[in-house]
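Student: Please put the sequence and the structure up, and then we can go through the questions one at a time.

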Amino acid sequence: IGWKGSPQFTQDDKAFKVKGRIQADASYVSAPGALQDRGLGFSSEMRRIRLGGEGSLGAGFGYKLELELSDNSVDLVDTFVTYRKGSWLVQLGNQNPAWSLDELTGDTSGSVMERAAFTDAFNFERRLGVQVQYAKGPIIVQGGVFTDSIGDLANSSDGVKGGDENNSYSFDGRLVYAPKWGNTQFHFGASAHWRRLGRLDESATQYRQRPYIHGSNTRLIGTAGLKVDTELNYGVEVAALSGPFWGVGEFHVMRPNRVTGPTLNFRGGYAEVGAFLTSGDTRGYKGGIFVNNAPAHPMGGGGMGSIQVALRYDYLDLDDRDIVGGKQNGYIAALVWSPIQYLRFNVNYALMSYDNAVALPSGKRSYDANVVGTRFELDF
Amino acid sequence: IGWKGSPQFTQDDKAFKVKGRIQADASYVSAPGALQDRGLGFSSEMRRIRLGGEGSLGAGFGYKLELELSDNSVDLVDTFVTYRKGSWLVQLGNQNPAWSLDELTGDTSGSVMERAAFTDAFNFERRLGVQVQYAKGPIIVQGGVFTDSIGDLANSSDGVKGGDENNSYSFDGRLVYAPKWGNTQFHFGASAHWRRLGRLDESATQYRQRPYIHGSNTRLIGTAGLKVDTELNYGVEVAALSGPFWGVGEFHVMRPNRVTGPTLNFRGGYAEVGAFLTSGDTRGYKGGIFVNNAPAHPMGGGGMGSIQVALRYDYLDLDDRDIVGGKQNGYIAALVWSPIQYLRFNVNYALMSYDNAVALPSGKRSYDANVVGTRFELDF
Amino acid sequence: IGWKGSPQFTQDDKAFKVKGRIQADASYVSAPGALQDRGLGFSSEMRRIRLGGEGSLGAGFGYKLELELSDNSVDLVDTFVTYRKGSWLVQLGNQNPAWSLDELTGDTSGSVMERAAFTDAFNFERRLGVQVQYAKGPIIVQGGVFTDSIGDLANSSDGVKGGDENNSYSFDGRLVYAPKWGNTQFHFGASAHWRRLGRLDESATQYRQRPYIHGSNTRLIGTAGLKVDTELNYGVEVAALSGPFWGVGEFHVMRPNRVTGPTLNFRGGYAEVGAFLTSGDTRGYKGGIFVNNAPAHPMGGGGMGSIQVALRYDYLDLDDRDIVGGKQNGYIAALVWSPIQYLRFNVNYALMSYDNAVALPSGKRSYDANVVGTRFELDF
């Protein structure tokens, strides 16, 4: 019996652990008052609640099973069976396709409260499918075939929306080269994704994003609903970690092919630098993503835990050809205090600078929003 | 590894336990036949189902995470992180504001099947917020700031109802003095609550109550939907426990301030006496609320478990000024058999005497309802 | 601490285990193209997800508490308290009435992916109630009283559909005689069920079935909604297991009594033979149902796990008197590979031969559908 926030039971090659997560936010969005949007201003919410378990069955087989409650409804998050043999790992079930570094990094391991704007805007999500990974030394190769998200596949109702007629599928692949040069861990990655929406081309696909925090339902930028039959998207990832410092950047392109009209080209990305202010603390990196390291001097162990700060520039451009979805330049400052492992407190400030956003009564479509976000998160 | 219905794992200052609860009811409401309300009569339902966990992370930090299913939808119940230092306790997350003694006492630790009528009628519920408690000797002081319930804050849809625009908040405080004089445990408490409903003043607030049991959706008394902008409510609590006997009473006032029209004044309360019939059994009291003690002579240990009986008078008055919500005088007799710890069977009889209730076809608004309720409950 | 996919904790006469289940399907239904039903063809879905726990409280008391997510909503599955004394077992809560052998056998212990067509067509489901079982030697007697399913009883809304006015109830009984003659385990069973639908006779009851796999919402056969006030149904069960071989068959009759019009008589049944291809493996049988035995030579233990094959003829006749619901003759070939205990992979092929099914544009109502189903399932 070990301990990772909850007991970790191990017996021969078998293991089991209960998993849980609580994230609650209180935030404020200050946008031009002329917008008169009541979804802005103060908001608070239970951002994520998860309960589940993970374990090993022996002989290389394992599983993870988590329920998530956000917005008062039940979601399935990681719910899959794994088989590991040597450098190979097969994952079968509901899981993240090999999206971008920022999407794959756990939401309680991030440096900022919400992921890069493009990850939501381009509709990254977990899907039902099978993924194969080969990892050896600094190399990780991931490739998978997926249908759609569990919710969209549920056949509780008829029609494309109900999942009954959903025949979409995608191929997703990612390559990571993560060498360690001296004391510096580098990360170079690239991923590509092609999806055929099938009958979903009859319903509308939207590319849009909230004003940084999740507590507001308002989207100041976003396209109208588009009839899309295939999507091609790809991106590159670069990161470096050295001692208490890290830097990371990504650039991602989404190319929706419309049923009628030319293919579109949307772009997103971010660049970030960060550092731990507390001595001995470092950001973790494992398996091609960022992870949390335990504080070097936690509370109860003579210290006050770890404190990290990060500055991120977040970019999203949903304007192309005849589509004017809007542009966003976000400047985010983030502070995370982790008094002990598995528990973190976040304070974020973001200046969101918009172009071609929802128009003010004056017709002006370029303006700024100031956002303050706070969060506590427990994850074990 | 200890055992509290499920294993309680402990390692240094860390701990973990899986929690579960099952409550199922079968009940009967006999009201004047002239009402022709088909929601009365026999009903059965799964009253509450909970699954979750609680634990300690060490260094004074702890957590509780429970999902509840009632009425086939998912609710979050206690879902918070705690920090304890000396006499101080901070709770952050979804939790009960420091309501009344009857509301704060667990639903599987009660003496009667359903809480005092005023607790539902005045819309006591768990909310997202932060609460600080100071407890030393016989004194407990609790104070907190809250927004709204997780469900009402979920931003799955727009508008005030969807949580997106909800900007309500409240301040809640409670004082308890619980001295032990001789062998008698006394409890004197008072709580006060002020809430600004914010944009919720555009939607209707109702004060109403079921005919004792939860299986019926009928409300024989209750106000129409009122536009309320602030609520002030406060109450006093008195209890005493001595050997197998206990007595407890509360009185609570709710003063809704309407957008237009004078402030209203609704009143509720109850008085109860009870006793254990089985030798050696007593009602538990801890941290300012009632708790369950293990049966002194459980089944499997040579005995038949514990049997407790209680008589409660339950009062609710929703008539004030221009509002005629109705009055209720309830007389409840309750029997609880707990064959072993964590498992209880309830049989309740209630005579509900109404004034200004839903009118019979004859126009008569004063009449009685006879209610029989049965429940089994498992809680660990 | 033992291990059954997750740790099994035992202390004196107390026990606890976390339970979980994942089932995901990918399937294909090929029906006459003239049907132009887009719910046919390829489908994938998360078939079942369960999370819960089971345990013993001591003194003969035990419990099981599971949440299920199918089709993106939460269901309660086995959620009950048990009391065992000698040969007697009482189960109180949400559970399967003593339906047929195929319905009572766990969905991860079946030989084919989906249960016999009549079990869905006749609306077998878990219900809230109390069941008593007497089991001694080869004899099992089960009898219970039930109201309705938890979902149908939830009083989240008014009316019969909302559970508020639901006053249905049923009596359900089953007899099993399971002698062992030589090395052969025999099973002879019979069950009978009578249900009064009460106010539910105002809403419509349908008897219908999917084209074998669950991923499609299409029903090629099925009655219109009927106003039914009572249902009587009964069936017989025969099975034999010997070494790697087994055979099993059932026949079940459903007699809905309509509010107006004569009583109907629908019929269903199946006959199956199966065998394990891997040496040393056998099908398990315990407590009157089939269960899974651990593979004799699992992966990681020098073997490749167990492989079983089965052939099933599945019959359903929903034609009677004035009702033309359709007839189905299904021919199912099934293969299950279980590399290690608690994990199984299924491949099924089914030829479904229909009469009086949904009409083709030509008016033809007799035709075939070819179905291929695949599933992985984890259950601990």
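Tutor: A term first: buried means under 20% relative accessible area, exposed means over 50%, and partly exposed lies in between (1.4 Å probe, protein chains only). This is a predicted model, in which local features need pLDDT of at least 70 and side-chain atom pairs count only at pLDDT 80 or more, while totals for chains, interfaces and linings use all residues. Residues are numbered from 1 along each chain as its sequence is written, chains are lettered from A and ligands numbered from 1 in the order in which they are written, and side-chain values use heavy atoms, with hydrogens and water left out.

Student: Is A:R344 buried or exposed?

Tutor: A:R344 forms a salt bridge with A:E377 (2.8 Å, N to O), a salt bridge being a side-chain nitrogen of Lys or Arg within 4 Å of a carboxyl oxygen of Asp or Glu. With a relative accessible area of 4%, A:R344 is buried.

Student: How many residues apart in sequence are the parts that A:E377 and A:R344 tie together?

Tutor: Strands here are DSSP runs of E with at least two residues, helices are runs of H or I with at least four, and both are numbered from the N terminus. A:E377 is in strand β23 (residues 367–379) of chain A, and A:R344 is in strand β22 (residues 343–355) of chain A. The pair therefore ties together parts whose separation in sequence is 33 residues.

Student: Which residues are linked in a network of salt bridges with A:D107?

Tutor: A:D107 pairs with A:R21, with the closest N and O atoms 2.8 Å apart. A:D107 lies in the loop between α1 (101–104) and α2 (117–121) of chain A, and A:R21 in strand β3 (residues 14–30) of chain A, 86 residues apart. Both are buried, A:D107 at 10% and A:R21 at 8% relative accessibility. The residues linked with A:D107 in the network are A:R21, A:R48, A:R50, A:E68 and A:D379.

Student: What rotation superposes chain B on chain C?

Tutor: Copies are superposed by least squares on the C-alpha atoms of residues with pLDDT of at least 70 in both. The RMSD is 0.0 Å, with 0.0 Å of shift along the axis, and the rotation is 120°. The two copies are thus related as by a three-fold rotation axis.

Student: Which residue of chain B comes closest to the rotation axis?

Tutor: The distance is taken at the C-alpha, and the value is 4.2 Å. The residue of chain B that comes closest is B:V74.

Student: Why do the copies meet through different surfaces?

Tutor: Contact means heavy atoms within 4.5 Å, and 41 residues of chain B are in contact with 44 residues of chain C. The copies meet through different surfaces because the share of interface residues of chain B that are also interface residues in chain C is only 12%.

Student: Which residue of chain B forms a salt bridge with C:E165?

Tutor: Across the interface of chain B and chain C there are two salt bridges. In the one with C:E165, the closest N and O atoms are 2.8 Å apart, and the residue of chain B is B:R38.

Student: Which strand supplies the largest share of the side of chain B that touches chain C?

Tutor: Strands that each supply at least two residues of that side include β21 (323–340), β22 (343–355) and β23 (367–379) of chain B. The largest share is seven residues, and it comes from β4(B).
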